[in-house]
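Let's walk through this model together, one region at a time. Keep the viewer open as you read.

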Amino acid sequence: MITTAPQTASVRTEGIKYAGSKLKLLPYILELAGELPGVQTVLDGFSGTTRVAQALAQSGYTLTANDTADWSGVFAACYLLADKPDEFYQKLLAHLNALPGKDGWFTEHYGGGENDSKKPFRLKNTRKLDAVREEIDRLGLPHADTCVLLASLMLALDKVDSTLGHFSSYLSHWSARSAGELYLKLPARFTHGGGHTVLTQDVFKTVQNRRWDLAYFDPPYGSNNEKMPPSRVRYASYYHFWTTVVRNDRPDTFGAAARRTDSRDAQAASVFEEFRKNKAGRFIALAALEKLLAQTDARYIMLSYSSGGRAAKEELLDILHNNGKMIKFLEIDYKKNVMADMNWTKKWINENKNYEYLFVLQKE
């Protein structure tokens, strides 16, 4: 059955440029969640820029947002935990915007002049960044309030960068948007019922001794290009800059992209980003997914997967089938804005095109 994209209540989410963003999947995710009876508590196990968590929270669900990235936790705290009125944050942002720029660590490593365009930001904006980031620490605000300011800073930086959306390499010539002025605005916060939880830890630790009505998983499956070095497809290397903005820890760096040394292969590995096979001949990432599904205590599990992933389709479907009853399987074509409602037993189709898939399992 082919249907047009679902129409859902209007929600507004925001985030930085992000590989694998689920912005276009939000209407489908919300509609599928709304079809599941008795769902109130939801786990977003790999929350990234938190667009899914933002959308679900606005729709009335109680969220647990989890991700290993510190900057993801900042976004989650901004939208799900911070509870001061807008006026409180607007005054602080006005104060930060009025600061004069200064030369500092970020300018030294990430700022470029007119003839030094292989940098992610122009000097005027890294100087502003140096001043603002120092002042945020000096203010000494409670964590959730600090996260609102840091989220605003990241969103502002994302609007004036000169990158392809990641920080593993930079453009040869300045992007048009890099000429803009770094200016902090209040994030698009929203009213919600509260009771949300924000975690920044390994997902296997998160699912221990906890239960939800629905768990949504969008693991970073890594690349299907065996020739590409693993470090080039790991999120810790793609978004190392945001980690440094949040921590303000002035780490040792290496390479032309000034990557954090802790984003090297040996230190940045995630089992879900591992495209290699284990000794039994199974993809390591799929073995980890099977373990996660088995250990997650939830009435329903929703899983996102891209046709560009490394997983063998039949093996993935077997894993899903062995961990619950498949009650929905959607294939989504962004270009045509249609979806195919398929039974899990059917072969995956259109292998030469880029599709997104949503699976819904009932575990009990």
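This is a predicted model: local features need pLDDT of at least 70, side-chain atom pairs count only at pLDDT 80 or more; totals for chains, interfaces and linings use all residues.

Residues are numbered from 1 along each chain as its sequence is written, and side-chain values use heavy atoms, with hydrogens and water left out.

Now for the aromatics. A pair of aromatic rings is described by the distance of the centres and the angle of the planes. Rings of Phe, Tyr and Trp (its six-membered ring) count as a pair if their centres lie within 6.5 Å; planes under 30 degrees apart are stacked, over 60 edge-to-face, and the rest tilted. By this rule there are 22 aromatic pairs. One of them joins Phe167 and Tyr170, edge-to-face, at 6.3 Å centre to centre with 70° between the planes. Phe167 also pairs with Trp242, again edge-to-face, at 5.4 Å centre to centre and 85° between the planes. Phe167 lies in the loop between helix H7 (143-158) and strand E6 (197-199), and Trp242 in helix H10 (residues 240-247), so this pair ties together parts that are 75 residues apart in sequence. Helices (H or I, at least four residues) and strands (E, at least two) are DSSP runs, numbered from the N terminus.

Buried means under 20% relative accessible area, exposed means over 50%, and partly exposed is in between (1.4 Å probe, protein chains only). Phe167, Tyr170 and Trp242 belong to one aromatic cluster, together with Trp105, Phe106, Tyr110, Phe121 and Phe241.

Stay with H10 for a moment. This helix is mostly covered, with seven of its eight residues buried. The buried ones are His240, Phe241, Trp242, Thr243, Thr244, Val245 and Val246. Just after H10 comes Asn248, with a positive phi of about 50°.

Two other residues with positive phi are worth a look. Asn209 has phi near 60°, a positive value in a residue other than glycine. You'll find Asn209 in the loop between helix H8 (203-206) and strand E7 (212-217), and it counts as exposed because its relative accessibility is 82%. Ala258, also not a glycine, has a positive phi of about 55°. Its loop runs between strand E8 (253-254) and strand E9 (259-260), and at 8% relative accessible area Ala258 is buried.

How many disulfides are there? The count comes to zero, taking a disulfide as a pair of cysteine sulfur atoms within 2.5 Å. For Cys78, the closest cysteine sulfur is in Cys147, 7.7 Å away, so it is too far for a bond. Both cysteines are buried: Cys78 has 0% relative accessibility, and Cys147 has 1%.

Glu273 counts as buried because its relative accessibility is 5%. Its C-alpha atom is 8.7 Å from that of Ile284, 11 residues apart along the chain. Glu290 is in helix H12 itself and is partly exposed at 24% relative accessibility. The C-alpha atoms of Glu290 and Asn323 are 7.8 Å apart, although 33 residues separate them along the chain.

Last stop: a pocket. Rolling a probe the size of a water molecule over the atoms shows where empty space is left. On a 1 Å grid over the protein atoms alone, a pocket is an open set of points where a 1.4 Å probe fits, with protein on both sides within 12 Å along at least five of seven lines; lining residues have an atom within 4 Å of a point. The second largest pocket is lined by 13 residues, with Leu155, Ala156, Lys159, Tyr183 and Lys185 nearest its centre.
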